[in-house]
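These are my notebook entries on a structure that I had not examined before.

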Amino acid sequence: MKRPLLLCTLLAGTAFAAKERATFRYTAPPDGERPVIVNAVIGPQGSDFAMRLRFDKVPFGDACKNRCANTTLLLDTDNSKQTGLRLAAKQAPGNGADVAIVIQGVRDYASQDGAPAASWLRVKVRLLGSEASSVDDGELLAEFNHRQDPERLHVDGETIYLLVDATSAALPSARKARVVYQPPGAKPLQATIPGMIGGGSGKGVRIFKDGSWGKARDATP
């Protein structure tokens, strides 16, 4: 029986002050319709993948209304195309991804007459096995939002912070992992980060530590 992939507790604090090298950066076009990630720090923290994702604009709420964030990050947790997602295009960077993290700004108008629409940030985590030919084929492991699950997801303006538990027996691991991000209408961005095997899991980023944002160590871009 597969053990579900869980998102571990996030200790929210009030400050983030560290010099870190971004896992990847992206320059968003000025006329982009939806918020996109422009700076990401991703790496192992203990048995988790810690993430600080900065968008070019607030990813949900009144500012973007119906054109809020709809972003997918892929993690190839063993840096191997022998496991995970199998896209039709054999050379596609997403091949081999083992986890998909879907980040969506949601707006709900189904409220009382005259009441403002409710909005929130939602995250879905999907496990991608070798039978998956698209992100939608992945097994839904977790779905949460920043309102009901503040211990899993924290939002601070244009930046979100989250932790993904990497201890599931169904999730492969290695000394290196790979991150893939596909901005709308642009080339895919790829970066290699330390994996969960070896020294990487003990020397990764420190975004969430001791009740504060802590110190984010350099992640190899």
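**Entry 1: ground rules.** I noted that this is a predicted model, in which local features need pLDDT of at least 70, side-chain atom pairs count only at pLDDT 80 or more, and totals for chains, interfaces and linings use all residues. Residues are numbered from 1 along each chain as its sequence is written, and side-chain values use heavy atoms, with hydrogens and water left out.

**Entry 2: confidence.** I looked up pLDDT, the predictor's confidence in each residue, from 0 to 100. The chain averages 81, and 77% of the residues score at least 70. Over residues 1-19 the pLDDT is below 50, and this stretch has 65 contacts in the model beyond near neighbours in sequence; contact means heavy atoms within 4.5 Å. Residues 210-221 also stay under 50, with 55 contacts beyond four places in sequence. Where pLDDT is low, the predicted coordinates should not be read in detail.

**Entry 3: overall make-up.** I recorded zero helices and 11 strands; these are DSSP runs numbered from the N terminus, helices being H or I of at least four residues and strands E of at least two. Buried residues, meaning those under 20% relative accessible area with a 1.4 Å probe and protein chains only, make up 49% of the 221 residues. Of the contacts with a separation of 6 or more, 61% are between residues 24 or more positions apart.

**Entry 4: the sheet.** Which strands form the open sheet, and in what order? I read six strands in the order β7-β6-β5-β4-β10-β11, with antiparallel pairing; two strands pair if DSSP finds at least two bridges between them. β7 (139-145) and β11 (189-194) stand at the edges with a single partner strand each, so one side of each is left without a neighbour in the sheet. Neighbouring strands are turned by 20 degrees against each other on average, direction ignored, using axes that are lines fitted to C-alpha atoms.

**Entry 5: inside the sheet.** I followed β4 (residues 70-76), where five of the seven residues are buried. Six bridges join β4 to β5, and Thr 71 stands opposite Ile 103 in β5. Towards β10, β4 pairs over four bridges, with Leu 73 having Tyr 181 as its bridge partner. Between β5 (residues 99-108) and β6 (residues 118-127) I found 10 bridges; Val 106 is partnered there by Trp 120 in β6.

**Entry 6: Ser 119.** This residue is found in strand β6. Is Ser 119 buried or exposed? Ser 119 is buried, at a relative accessible area of 10%. Leaving aside residues up to four places away in sequence, Ser 119 touches Phe 60, Gly 61, Val 106, Arg 107, His 146 and Arg 147.

**Entry 7: aromatic rings.** I found one aromatic pair in the structure; rings of Phe, Tyr and Trp (its six-membered ring) pair if their centres lie within 6.5 Å, and planes under 30 degrees apart count as stacked, over 60 as edge-to-face and the rest as tilted. Phe 24 and Tyr 181 are stacked, at 5.3 Å centre to centre and 20 degrees between the planes. Phe 24 lies in β1 (residues 24-25) and Tyr 181 in β10 (residues 176-181), so the pair ties together parts 157 residues apart in sequence. Both Phe 24 and Tyr 181 are buried.

Methods: Axes fitted to C-alpha atoms, helices over the stretch in contact; angles between N-to-C directions. Buried < 20%, exposed > 50% of the residue type's maximum accessible area, 1.4 Å probe, protein only.
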